[in-house]
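Hi,

Here is the structure I said I'd pass on. Have a look at it first, and then read my notes below.

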Amino acid sequence: MLTYEEKIQSELVRWQQKMQKRPNFVDRTSKKVQDKLNNLIPDKVHEAITASIRQMTRAVLTGAEFTTSMPVPRNTIEEIEAEVKKRIAFYKKAGAAEGGITGAGGFWLALAEFPILLGIKLKLLFEIAALYGYPIDDYRERLFILHVFQLTFSSQKQRQHVFQQIIQWHIKCKELPEDINQFDWKTFQQEYRDYIDLAKLAQLIPGIGAAVGLVVNYRLLDQLGKTAMNAYRMRWFEEKNTLIAFTS
């Protein structure tokens, strides 16, 4: 019988391989799909979405808007992940309910929902980080959260780049500046904006938005939860010096 740690480490290696795979034909053509969707959305909407992302990035890195309980003492990884899975399940249901309501409300309500869903996703990530025992009042931990966010909602090419940035984070974070004002958050949000939530953009297109909200929100939060668990699993094993990282 495999132990819990052995089981999740094998899952982690498969996830690492997925993060590092080369972009396939679908990945390479997704930008064309995105461009077509973007052309259907008014410039004012794009401006509103970009402003929401910019405000979110600054709030996560510098503000108290995204807060949660203090990190819990680390128990076994199995006990921690039992609680993490409960929080993911809760947020998936909450996000689906919120998406179903706004999806049925038309274009402007769907647009208003965009920053709300960003907040739901980030709140989930903050709770996951705390459950794994990391100090979320440290901006470097908040930066890791944003990397997990970007890792979930990026093109495969960008995903490869972000994945490399979070490997051995417990070492790399020590090289970051102590002062948050020295961090280039503007460049970060610009890179992030290029690929974020392609599926959610479809909710802004008249005629199909109502069909998108409920299902897409549920799946996006599920995807985010799985990515976060594997990212923190990687840190768990790296810090224990028991992980053979996938680097090829």
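Let's start with aromatic pairs: rings of Phe, Tyr and Trp (its six-membered ring) pair if their centres lie within 6.5 Å, and planes under 30 degrees apart count as stacked, over 60 as edge-to-face and the rest as tilted. One aromatic cluster here is formed by Tyr-132, Tyr-134, Phe-144, Trp-169 and Tyr-232.

Before you go on: this is a predicted model, where local features need pLDDT of at least 70 and side-chain atom pairs count only at pLDDT 80 or more, while totals for chains, interfaces and linings use all residues. Residues are numbered from 1 along each chain as its sequence is written, and side-chain values use heavy atoms, leaving out hydrogens and water.

The structure has seven aromatic pairs. Take Trp-15 and Phe-163: their ring centres are 5.7 Å apart and their planes sit at 70°, so this pair is edge-to-face. Both residues are buried (under 20% relative accessible area; exposed is over 50%, partly exposed in between, with a 1.4 Å probe and protein chains only). Phe-90 and Tyr-91 are edge-to-face too, because their planes are at 90°, with centres 5.3 Å apart. Tyr-91 counts as buried at 8% relative accessibility, whereas Phe-90, at 45%, counts as partly exposed.

Now for charges over rings (NZ of Lys or CZ of Arg within 6 Å of the ring centre and within 35 degrees of the ring normal). Arg-235 has its charged end over the ring of Tyr-134, 3.9 Å from the centre. Lys-121 does this with Phe-153, at 4.1 Å.

Cheers
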